[in-house]
Amino acid sequence: MTVTRPARLTGGALAAVLALVPFVWILCDLAALGSPEDLFRSWAGHRFRPGPARAATTLLDPLLCLAAAGTALAALRSRHAAAALAATGAVTLAVRLPGLWAHGTGPLVTALAETALGAGLLLTALVGRRPPAGPGEPVPTRPRPAPAAAAGVLLAVAAVVLLAGEVDRVTGLDLRLAVDRFTGGRSALGPALGVPPGWLAAVLVALHLTAAVSAFTTARHTRPLGLLAGGLLLGTGLAELTRLARLHLGDDIRYVTAPEPDLAALATALYCALAGAAVLALLAGRGAPDAAPAPRPAAATPPPPYPRPPGW
């Protein structure tokens with residue numbers, strides 16, 4: 001499916017505004033914290049910074065900002081941006097739903113705006129698509145089978161690993177804390193725009209599984225969906241690696257008893273980072289060209305009539 005020009009312009013405008021919302025929050029955090037280093041440390045899970053200022057954003061916000069900006073460029077440059085519009089809209093809508101019952105006016109207004117923009121991208125992708133005008137019009141290419149299968153395996157394993165880790169965390173909590181991990185509650189405090197960790201894990205598992213199935217079937221929408229899943233997988237893996245490194249190697253943190261290294265969390269974070277980078281590399285190349293249509297057989301010459309008329 002291709003996208004009409006009005007839908008491309010509308011989707012590009014919606015995606016640009018969607019990228020602008022977290023960008024403004026990031027600028028506010030930079031002004032409050034005073035330096036990019038403190039903001040990066042906050043995104044990586046460092047919570048030992050003295051002072052009243054706290055970051056309102058998480059690492060998810062710059063990742064969504066980059067995804068929305070890339071979607072806006074794709075919508076303005078290509079008529080095949082329906083999958084990118086739908087993927088970005090669906091993920092934004094999913095991760096911002098818990099913000100609708102968040103505390104504070106700013107986070108609530110932001111959640112309302114981003115859910116509306118995400119729904120607008122989905123609606124634009126659905127309404128603005130159209131079939132090719134003719135056999136000569138190009139269509140989105142399918143990914144090459146071998147890289148797509150490899151990316152599908154990496155994404156499927158990542159989904160299983162994230163799901164197993166979340167189940168292990170939830171089983172060690174009482175019911176109230178387990179529910180708060182998915183709905184966001186007073187026992188799950190965090191940044192103002194933070195997504196409840198259980199909810200975020202569920203969204204990422206669904207995204208990775210959907211992208212893996214698309215890669216296994218070499219669907220035409222595999223590349224934008226897989227690139228979005230790979231980018232989020234790479235970002236979350238690097239953030240967790242940074243958090244664990246600061247937790248166990250940081251010389252500015254003092255403990256009465258040093259925590260034991262969490263080898264399972266370290267292995268999960270390392271796999272997510274490496275798998276995310278590999279998925280981006282596997283799906284970033286050009287897709288496989290469609291097979292040329294078989295030539296039509298020549299029309300058979302009808303046999304002469306029998307008996308032949310005079311003068312045949």
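Start by selecting T115, which sits in helix α5; helices here are DSSP runs of H or I with at least four residues, strands are runs of E with at least two, and both are numbered from the N terminus. The model is a predicted one, in which local features need pLDDT of at least 70 and side-chain atom pairs count only at pLDDT 80 or more, while totals for chains, interfaces and linings use all residues. Residues are numbered from 1 along each chain as its sequence is written, and side-chain values use heavy atoms, with hydrogens and water left out.

Is T115 buried or exposed? Buried means under 20% relative accessible area, exposed means over 50%, and partly exposed lies in between, with a 1.4 Å probe and protein chains only. T115 has a relative accessible area of 9%, so it is buried. Now show its contacts, meaning heavy atoms within 4.5 Å. Leaving aside neighbours within four places in sequence, T115 is in contact with L93, R96, L97 and L100.

Next, go to helix α1, residues 5-33, and select D29, which lies in this helix. D29 counts as buried, because its relative accessibility is 4%. Not counting residues up to four places away in sequence, D29 touches G34, L39, R54, A55, A56 and T57.

Stay in α1 and select L27. At 42% relative accessibility, L27 counts as partly exposed.

The next stop is the aromatic rings. Rings of Phe, Tyr and Trp (its six-membered ring) pair if their centres lie within 6.5 Å; planes under 30 degrees apart count as stacked, over 60 as edge-to-face and the rest as tilted. By this rule there are two aromatic pairs. In one, the rings of F40 and W43 have centres 5.7 Å apart and planes at 50 degrees, so the pair is tilted. Both residues lie in helix α2 (residues 36-43), three residues apart, about one turn of the helix. W43 counts as buried, at 13% relative accessibility.

Now select W101 and W199: their ring centres are 6.5 Å apart and their planes are at 80 degrees, so this pair is edge-to-face. The pair links distant parts of the chain, 98 residues apart, with W101 in the loop between α4 (82-96) and α5 (105-127) and W199 in helix α8. W101 is partly exposed at 44% relative accessibility, and W199 is partly exposed at 24%.

Move along to T218, in the loop between α8 and α9 (222-249). T218 has a positive phi of about 50 degrees although it is not a glycine. Most residues other than glycine have a negative phi.

Finish at helix α7 (residues 175-183), where A178, D180 and R181 are buried. These residues cover an arc of only 160 degrees around the axis (taken from the directions from the helix axis to the C-beta atoms), which puts them on the same side of α7. On the other side, L175 and R176 are exposed. The buried residues of α7 pack against α6 (145-171) and α8 (197-216). After α7 comes G184, whose phi is positive, near 80 degrees.
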